[in-house]
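Please read the following note alongside the model. The points are grouped by site.

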Amino acid sequence: MLPIYDQKSRIKLFVLAGALLIAAATVIYTSVLVQRLSEREQKQIALYAKAQRFIISIEEVDANTTFVFDEIINANTTIPIIFTDGEGNILDTKNLPLPNKATKQAKEEFLRREIAVMKSQHPPIVVKLSAGLLNYIYYKDSQLLTQLRTYPLVQLAVIGCLGVMAYFAFSYSRRAEQNRVWVGLAKETAHQLGTPLSSLMAWHTYLKESERFQHEPIVEELGKDVRRLEIITERFSNIGSVPVLKDENILQATKNAIAYLQSRVSKKVLFEIKTDLPTDTPARINVPLFDWVIENICKNAVDAMDGKGNITLHLRRPTKNKNLIALDITDTGKGIPKSKIETVFLPGFTTKKRGWGLGLALAKRIIENYHEGKLYVRWSEVGKGTTFRVVLKGE
Ligand SMILES: Nc1ncnc2c1ncn2[C@@H]1O[C@H](COP(=O)(O)OP(=O)(O)O)[C@@H](O)[C@H]1O
Ligand SMILES: [Mg+2]
């Protein structure tokens, strides 16, 4: 595993831990505030009840006692209150947004509902009247307190949304940048190869036609290498532009790709091509890029088997979507551990001494960005082998 991916997952963990810490701190801090405010409101309501009892107990309010009204009873402008008598008849309300134009019945219903809410929050305070009668003071948390209770949730939701948006914006711009690098580098490579290649081709034609060299076997070998260089240049130029997709006979295309490979790997690697489809089934592909994908996957398979084993290519319909074409490439190699099944597609990930870790990243780009297909590890077991699945569009 390359250190950058180790580091990346460590950074992710760090950020996640930090975010959780901030979230926890916010929740704890606000709940302390809520607790304090709630205690204060309880005290205020207790004082309020006391004041009510006092007012009831004195004969009449005079200059000495008006402060009870002014400073205590009327001072409560935040805590909603409903007064009832012993039978539950509503005597008075405070700090409740009574609907103005509503009918008497609607108001009554509204207040009954409020009483139910208040009951669920706090038991009512009982005020004993002189005649042995009882009054009840129902109350609930002030709006401020209610809002404060939900505040951390709202805040976390907003921060969460911002986080998600930032993440998508960031990963979008990162992907756009990666695209520019891939495409730019490919274009540049195709461009640079172009000039010496056309000169080589001209030289080859000259040799082929000259009396003197025509019969030398070397000229034919040279021709093969020139052809190979041409294919490489074609691949890069296709990656660097919008490649043209055509309906191609997929069985034939697969056979051609393998034929070339087979001559280049150890004889101990046996290729087999199977198909469940009619032999003339077409798929929409760009041949040079498709070849490149098959080559990358099969070369990895050869590496994973240490140059000895079977590689089976199996064409079939995926079970879910019958309009698509699946090509399963199975090797009998060392397999990929479960934890690395997705990581193998990241650019730079390699377990080889001389690997660049670009083969699968490129193959995935070619299939998913240029062919609107899918490339993934369908099955793998350490010590047994691996199946990569390429999903392509049919006609
Ligand atoms: N068929 C396979 N079996 C086991 N491991 C594989 C197979 N194909 C790919 N891998 C793993 O994925 C890694 C990345 O592959 P790739 O992107 O082609 O880069 P490279 O071949 O340069 O290492 C390989 O180093 C290997 O560990
Ligand atoms: Mg490779």
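In which strand is the place of Asp328? Asp328 belongs to strand E9, residues 324-331, where helices (H or I, at least four residues) and strands (E, at least two) are DSSP runs numbered from the N terminus. This is a predicted model, in which local features need pLDDT of at least 70 and side-chain atom pairs count only at pLDDT 80 or more, whereas totals for chains, interfaces and linings use all residues. Residues are numbered from 1 along each chain as its sequence is written, chains are lettered from A and ligands numbered from 1 in the order in which they are written, and side-chain values use heavy atoms, with hydrogens and water left out.

1. Surroundings of Asp328. Asp328 counts as buried because its relative accessibility is 2%; buried means under 20% relative accessible area, exposed over 50%, and partly exposed in between (1.4 Å probe, protein chains only). Its side chain is joined to that of Arg389 by a polar contact of 2.6 Å, a polar contact being a pair of N or O atoms within 3.5 Å, of which, within protein, one must be able to donate a hydrogen and the other to accept it, while residues adjacent in sequence count only if both atoms are side-chain atoms. Leaving aside residues up to four places away in sequence, Asp328 touches residues including Arg316, Arg378 and Arg389, where contact means heavy atoms within 4.5 Å.

2. The ligand site. Ligand 1 is surrounded by 19 residues, of which the closest are Asn300, Asp331, Thr350, Thr351 and Lys352; a residue is taken as near when one of its heavy atoms lies within 4 Å. A polar side-chain atom of Thr350 lies 2.5 Å from an oxygen atom of ligand 1, a polar side-chain atom of Thr351 likewise lies 2.5 Å from an oxygen atom of the ligand, and a polar backbone atom of Leu360 is 2.9 Å from an oxygen atom of ligand 1. Taken alone, ligand 1 exposes 540 Å², and the protein buries 93% of that, with areas from the Shrake-Rupley method with a 1.4 Å probe.

3. Elements of the shell. Helix H7 (287-304), helix H8 (359-370) and strand E11 (385-393) each supply at least two residues of the shell around ligand 1, and the largest share, 3 residues, comes from H7.

4. His371. This residue lies in the loop between H8 and strand E10 (374-381), and His371 counts as buried because its relative accessibility is 2%. A polar atom of the His371 side chain lies 3.0 Å from the backbone nitrogen of Asn286.

5. Nonpolar cores. In the largest nonpolar core, which has 47 residues, Ile294 and Ile311 touch the most other members; such a core is a set of buried Ala, Val, Leu, Ile, Met, Phe, Trp, Tyr and Cys residues joined through side-chain atoms within 4.5 Å. H7 gives the most to this core, with 9 residues. Apart from it lies another core, of 14 residues, among them Ala49, Val68, Phe83 and Val127.

6. Helix H4. Pro196 lies in helix H4 (residues 143-209) and counts as partly exposed because its relative accessibility is 45%. Pro196 and Val164 are 32 residues apart in sequence and 49 Å apart in space, C-alpha to C-alpha. Leu144 also has its place in helix H4, and Leu144 is exposed, with a relative accessible area of 54%.
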